[in-house]
Amino acid sequence: MPGPMAARRLALLLCAALADDATVSVLLDINGAKQPLIIPTSGAVDAAVSAFAATHQLDGGMGCADRACVENALRRRANEALADARLPKARCRNEPCGDVATVLDAHGSNKCVNGLGSLYDVLLPPSVRERATAILEVGVGSLDDAHPSSMAREVSEGRLRTDADVDLFSLRERRPKPNGVRCVAEYCVGASLRAWAELFPNATITGLDPADDAAELNGLHERIRVMTCDSRDDSCVALLGSYDFIVDDGHHSLDAQRRTLKTLWPFVKPGGLYVIEDVADWGELLIADRAYLSKIVGRETPYFFLETLRSQTATSSWPGVPKMGALVFRRG
């Protein structure tokens, strides 16, 4: 434990790491388009927030019904981004790594970058993984930028990078890049499906994704198949079977996550898990609407919301990213 003087020096170093004229950018989804909220690192946060709200006429949204509430939500986001930007540079995948997180990371999945690896280490012990016979994931990780759940932007903006100057870099496990699928830099389409296939040795792994490059995975692994399908389409998902574990890592919006839960919940086996990943600002709205959730999953179904460890793992290398969480259900 460092003494008071050492802690004071560290705080000074962290503050000095950002120049007085530096800014942090937070990308926000405004009326269907990404808009940057530019925050100066040396004060004037309130002015930046007020100007942004006025420019985009934000009198609602973010769980708010008036301008003052919107500005408070933006101010909270801005202050989180500034705090993250002052953290020491960190390895994106610097979570405590158990068996599941290690395999996800080794295949190049962004789940550890997003703070989900530790959650899956807890939810998926060896006994659960060995018993499972069917896994379903929504969102295969396309690199087609035309699709809203594409990984192309994360890759191009360096969100999956791992800092080579960190001591633990050399200790990371890596799986060979697969043949026959599209790859850019470290990332290859279908990373998490390949990880699930390794982690669940007795299970068939199914992916749902409307992107063409996702379907290229078919035939490359005997236990992985991809359906070209939108998870919100009742007629499409009617072809599915039943699953021990369903992951929604598709289009990250309140509407899409709610509709996907409604269409896919009937396919969860008794005792099975359903996880909605990357629940952002709308998380409070999603879990607060207990009447809607009860109508879909039943009043007796246990569930919990966890804000993931992203601020400790990723945002120091990727400042300005909204805090994310995961909503986890277990079927009775």
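Helices (H or I, at least four residues) and strands (E, at least two) are DSSP runs, numbered from the N terminus. The model is predicted: local features need pLDDT of at least 70, side-chain atom pairs count only at pLDDT 80 or more, and totals for chains, interfaces and linings use all residues. Residue numbers start from 1 along each chain as its sequence is written, and side-chain values use heavy atoms, without hydrogens and water.

**View 1. Gln57 in the loop between helix H2 (45–55) and helix H3 (67–85).** Gln57 has a phi near 50 degrees, a positive value in a residue other than glycine. Most residues other than glycine have a negative phi.

**View 2. Asp278 in strand S9 (residues 268–279).** The phi of Asp278 is also positive, near 55 degrees. Asp278 counts as buried (under 20%), with a relative accessibility of 4%.

**View 3. The open sheet of seven strands, in the order S7-S6-S3-S8-S9-S11-S10.** Pairing, which requires at least two DSSP bridges between two strands, is mixed in this sheet. Strand S7 (224–227) and strand S10 (303–307) stand at the edges with a single partner strand each, so one side of each lacks a neighbour in the sheet. Neighbouring strands are turned by 15 degrees against each other on average, direction ignored; axes are lines fitted to C-alpha atoms.

**View 4. The antiparallel pair of S10 and strand S11 (residues 325–330).** Five bridges join S10 and S11. Glu307 has Gly325 in S11 as its bridge partner.

Note on methods
Buried means under 20% relative accessible area, exposed over 50%, partly exposed in between (1.4 Å probe, protein chains only). Axes are lines fitted to C-alpha atoms, for helices over the stretch in contact, and angles run from 0 to 180 degrees between N-to-C directions.
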